Amino acid sequence: MINENEISILIPTYNNENTIYSCLTSAINTKALEILISDDLSSDNTVKIIKTFNDKRIKLFIQNRRLGLWKNHQFLLKKAKGKWIKFLQADDYLSENGLKKFCEVNDENVTIISSPSLYKNLETNKTFININVEKNIFFEQHKYLKRIIKYGNELSTPSNTLIKKNAIPITNYFWRNSLSCDLITNIIAASKGKVFFVKTGQIIRGIHSNQDTFKQGTLTFITRKVKTFLILNNLFDNKTKYIIHFYFFINIFALINEYNKNKNILTVREKVYCKSRIKQILKKLNYFYILINMLYIIKAIHFKYFSNHKYSIKEK
């Protein structure tokens, strides 16, 4: 079992006045070692609300210049003292006793734990789930990594995971705003040990129109995908590398679709840039391994593009 007092809760904030109260309240109601908050120059009442809380575990850092999404995460990671890291993005919150559920793991070889989200639309108050886990389940390293081909970043966002600190890369190479740092961190952590899923809903994820996912735009979307592929491609030289190739081959269709959907609003220079970025992946892929695994890849393509993405994770 993991002790809650071995956990650092890290909350990066930026203009979260409507959600930070619920987020921070859920963090305070745990026995975590510390609750570190980095505010990325919010222009609303986020900081004012944070300062109304009186808990000696809270440490608030107010940045004097904008860091951006992932650099704000990295700043907190460098400050953390806990053996385990629990990021909690400011529009999400822990369920009652949610952190305790993350701590139910009893295998010292586990490096990353995830609970699939209970999503809550903050504009309509409707809730839903996409991935159902009814009871705790382990995956050995290689078995989980193979799931990435079909299910993608199943471990999900930083809010969804509890990760052993020594399994998280901390250098600037892995923490750039132009990367999908959540995917990189999850794959690296999963490659260093076992993966553990706990029951769905220990994290309530707020969904709203101002989230980075919805506002990043075509250029950022394509840039993050391509640069993330290049990082992961250079990082591994074994079966994990081929899994990464399969995953990004499947995601090429998403990149092309994103480009075609928005090309009419892109400048000529932006169109050239997007095409050159997509070609970077196409040139690096190992088509021999893709070809001999094509049946599995076709099944994964069908799941990604032609299913409703609702499924259960169960022991086989």
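Contact is defined as heavy atoms within 4.5 Å. The model is predicted, so that local features need pLDDT of at least 70 and side-chain atom pairs count only at pLDDT 80 or more, whereas totals for chains, interfaces and linings use all residues. Residues are numbered from 1 along each chain as its sequence is written, and side-chain values use heavy atoms, with hydrogens and water left out.

S178 is located in the loop between β11 (161-164) and α6 (181-190); helices (H or I, at least four residues) and strands (E, at least two) are DSSP runs, numbered from the N terminus. Residues up to four places away in sequence being excluded, S178 touches T223, R224 and K227. The C-alpha atoms of S178 and N210 are separated by 19 Å, the two residues being 32 residues apart along the chain.

Two residues other than glycine adopt a positive phi. For L41, in the loop between β2 (34-39) and α2 (46-50), phi is near 60°. S156, in the loop between α5 (141-151) and β11, has a phi of about 75°. L41 is partly exposed, with a relative accessible area of 36%, while S156 counts as buried at 15% (buried, under 20%; exposed, over 50%; partly exposed, in between; 1.4 Å probe, protein chains only).

K283 lies in helix α10 (residues 268-284) and is exposed, its relative accessible area being 71%. On the surface, K283 gathers with K263, K275 and K279 in a patch of positive charge. Such patches consist of residues with over 30% relative accessible area and no salt bridge, like charges being joined within 9 Å and nonpolar side chains (Val, Leu, Ile, Met, Phe, Trp, Tyr) within 5 Å. A salt bridge is a side-chain nitrogen of Lys or Arg within 4 Å of a carboxyl oxygen of Asp or Glu.

Note on methods
Accessible areas come from the Shrake-Rupley method with a 1.4 Å probe; for residues, only the protein chains shown count as cover. Lys and Arg count as positive and Asp and Glu as negative; His and the chain ends are not counted. The place of a charge is taken as NZ of Lys, CZ of Arg, CG of Asp or CD of Glu.
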